[in-house]
Protein chains: 2
Amino acid sequence: MSWGLDNLPYGVFSRRGEAPRVGVRYGDQVLDLAAALHDEVFAAPSLNPFMARGHTAWHDTRALIQEKLSTDRSVTDAHLIPLEQVRLHLPFEVADYVDFYCSLDHASNIGRIFRPDAEPLLPNWRHLPVGYHGRAGTVVVSGTPIRRPSGQLRAGVFGPSTKLDIEAELGFVVGVPSELGSPAGAFEEHVFGVTLVNDWSARDIQSFEYVPLGPFLGKSFATSISPWITPLEALPRIPGRPQEPEPLGHLRRQGDWGLDITVEVWLNGEIVSRPPYPSMYWTPDQMLAHLTSNGASLRTGDLFASGTISGPQREERGSLIELSWNGGDPIKLASGETRTFLEDGDTVTLRATAAGRSLGEVVGTVR
Amino acid sequence: MSWGLDNLPYGVFSRRGEAPRVGVRYGDQVLDLAAALHDEVFAAPSLNPFMARGHTAWHDTRALIQEKLSTDRSVTDAHLIPLEQVRLHLPFEVADYVDFYCSLDHASNIGRIFRPDAEPLLPNWRHLPVGYHGRAGTVVVSGTPIRRPSGQLRAGVFGPSTKLDIEAELGFVVGVPSELGSPAGAFEEHVFGVTLVNDWSARDIQSFEYVPLGPFLGKSFATSISPWITPLEALPRIPGRPQEPEPLGHLRRQGDWGLDITVEVWLNGEIVSRPPYPSMYWTPDQMLAHLTSNGASLRTGDLFASGTISGPQREERGSLIELSWNGGDPIKLASGETRTFLEDGDTVTLRATAAGRSLGEVVGTVR
């Protein structure tokens with residue numbers, strides 16, 4: 001079952017006229033946690049206070065919910081609310097948002113598109129997980145309409161982007177802060193769970209602006225996430241992809257933090273790609289170690305995303321710029337239409353599953 | 001007088017055993033605003049709730065404080081606290097932090113240092129204010145010790161930065177949010193005031209990591225700001241520096257938002273530079289217009305900084321990489337010592353004045 005006892009992702013919901021509060025998804029229902037567990041931490045309009053409690057509380061709460069849902073008839077009867085009666089909100093307050101660039105196939109494809117005569121990977125790529133800060137204030141929940149951004153498409157030309165794209169990613173949500181001046185501790189002590197991310201990108205704005213300080217307005221107009229945060233405990237772990245050269249000591253893997261997750265990219269109701277997360281080169285424990293290796297502190301609500309997930313096959317690419325090879329090789333849809341980049345009215349849906357458990361979906365329609 | 005009735009910057013202070021709250025600096029004292037004005041908004045531990053009230057409230061409050069300080073003996077006697085009795089805190093909760101690159105002389109110097117045989121300015125530089133997102137969670141208040149960051153200095157080498165640098169900047173603090181999907185309104189409707197910023201930079205970490213997504217760990221370990229936020233009304237405004245080519249319509253200047261401010265860079269008690277803010281190319285109204293031109297929203301507490309302030313003269317450069325020409329031309333100090341980049345134990349102090357009014361200082365000592 002996609003939303004069974006082995007899944008149980010957390011979100012923030014409200015019924016009409018009521019304040020948003022924390023719930024857990026079970027089947028096609030939401031368990032009202034403040035009511036079911038008599039714990040005020042779940043009456044908050046975001047997951048942050050609960051996430052700040054730490055690893056032991058996360059584990060114990062999950063076990064308690066599993067027990068109540070299995071055995072306690074009064075809980076399931078009184079506090080399970082059908083999904084169609086609730087509205088889902090942004091599940092946590094985003095502190096800092098960092099976006100990485102961890103797919104070998106994605107980085108290689110981008111290199112081949114923009115520098116066809118050179119080595120696809122830049123010299124630093126195999127030595128550290130390249131990343132940058134994005135805009136936390138424009139992280140929005142699934143379903144939020146995406147307005148096509150305007151910007152300088154080239155020198156002297158301002159107008160609506162004609163290369164609006166998606167990036168299918170996983171996002172990791174920090175629960176437990178770390179101190180300024182020291183690297184963070186173990187990955188599973190800090191990171192609460194995983195969400196799906198669509199990092200909308202305006203390729204024309206980005207390509208004029210990004211030298212030398214990186215992407216800015218080409219990304220900052222919107223980043224959509226799933227309303228559900230799946231706890232780490234629910235994820236099937238596998239070894240990470242082999243790395244060459246061996247990473248430096250501070251970037252050595254902490255365990256099997258490869259994740260057996262497959263993403264689906266749907267465009268107007270049709271699957272156009274199935275990016276496989278096991279193909280990622282840098283694992284999330286390495287991202288976290290890198291992020292704090294200079295002494296930068298973590299806060300509850302920090303979000304760091306994997307960067308576009310792309311596998312080696314064409315039908316595994318996680319962005320339109322790769323799928324259409326920068327517009328030169330349009331995607332043919334079953335409807336008979338073709339696409340290079342997004343058109344007004346297009347709806348993109350990302351879905352993901354991990355060993356049969358759903359990670360929810362991220363939907364956005366371009367206006 | 002540096003801290004007179006025409007200045008009156010806001011900060012957050014506490015006395016021993018008391019909760020932090022909002023005050024205004026007057027001379028060498030802090031006016032306890034919650035007590036003096038009987039307004040609970042100033043009992044908050046940050047300026048954010050007051051800043052969210054908007055332009056009219058900012059103006060009226062300032063006028064009221066000026067009146068009380070001039071005429072109301074009971075206020076000045078009962079609610080002015082000597083600075084030596086208080087601790088100063090980070091004055092606001094930072095939402096998103098953006099760092100721009102608005103000095104023509106700084107950008108040209110960096111271009112000459114790293115690309116001596118090419119055009120110093122990159123093709124986009126005169127068409128838009130180049131910027132990127134920094135780490136909001138590591139913005140710290142003046143006086144916070146700066147721990148020398150470690151990082152990958154080149155492929156396969158991890159260790160403490162040997163090129164630890166400063167950047168002398170002005171920061172602009174947003175009070176009034178804007179809606180997702182539309183450009184922000186007038187600069188003075190959104191921006192509450194100005195602070196001094198030292199954007200500490202590890203040049204070796206930065207130069208290995210920054211391609212193609214921009215600076216990350218070379219900057220994210222710490223950014224120091226002044227404890228005082230000077231309201232826009234207190235700043236002497238002058239026309240911005242001429243621009244060629246004429247900026248596009250959405251980047252046209254909204255008025256005289258050049259600022260007549262001079263910064264001083266002190267190293268271990270000695271002035272090493274006097275960067276002049278009037279030499280900046282892009283003005284802060286243009287930065288704000290650019291930042292939201294793609295529809296990105298603003299939040300109360302957003303901080304955007306000017307980038308390093310450098311004038312055309314050597315003694316006006318706002319970073320050590322410029323002052324020492326990337327280490328090739330060491331700075332000679334009056335003590336007989338020389339410096340290329342910062343050594344352990346060095347103390348850097350930024351100070352600024354605007355028509356005789358102090359903008360406070362930003363101090364940091366390298367550990």
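UniProt positions are given here in the numbering of this model, with shortened feature names, and its annotations may be inferred rather than shown by experiment. This is a predicted model: local features need pLDDT of at least 70, side-chain atom pairs count only at pLDDT 80 or more, and totals for chains, interfaces and linings use all residues. Residues are numbered from 1 along each chain as its sequence is written, chains are lettered from A and ligands numbered from 1 in the order in which they are written, and side-chain values use heavy atoms, leaving out hydrogens and water.

**The listed site in chain A**

An unreviewed UniProt entry lists Asp99(A), Glu167(A), Glu169(A) and Asp199(A) under "binding site". They span 101 residues in sequence, yet no two of their C-alpha atoms are more than 10.9 Å apart, so they gather at one spot.

The table takes two of them. Strands (E, at least two residues) are DSSP runs, numbered from the N terminus, as are helices (H or I, at least four). Buried means under 20% relative accessible area, exposed over 50%, and partly exposed in between (1.4 Å probe, protein chains only).

Contact means heavy atoms within 4.5 Å. Leaving aside neighbours within four places in sequence, Asp99(A) contacts Glu167(A), Glu169(A) and Asp199(A), among others. By the same rule, the contacts of Glu169(A) include Asp99(A) and Asp199(A).

**A helix in chain B**

The buried residues of α3(B) are Trp58(B), Thr61(B), Arg62(B), Ile65(B) and Leu69(B). They cover an arc of only 100° around the axis (taken from the directions from axis to C-beta atoms), which puts them on the same side of α3(B). On the other side, Thr56(B) and Thr71(B) are exposed.
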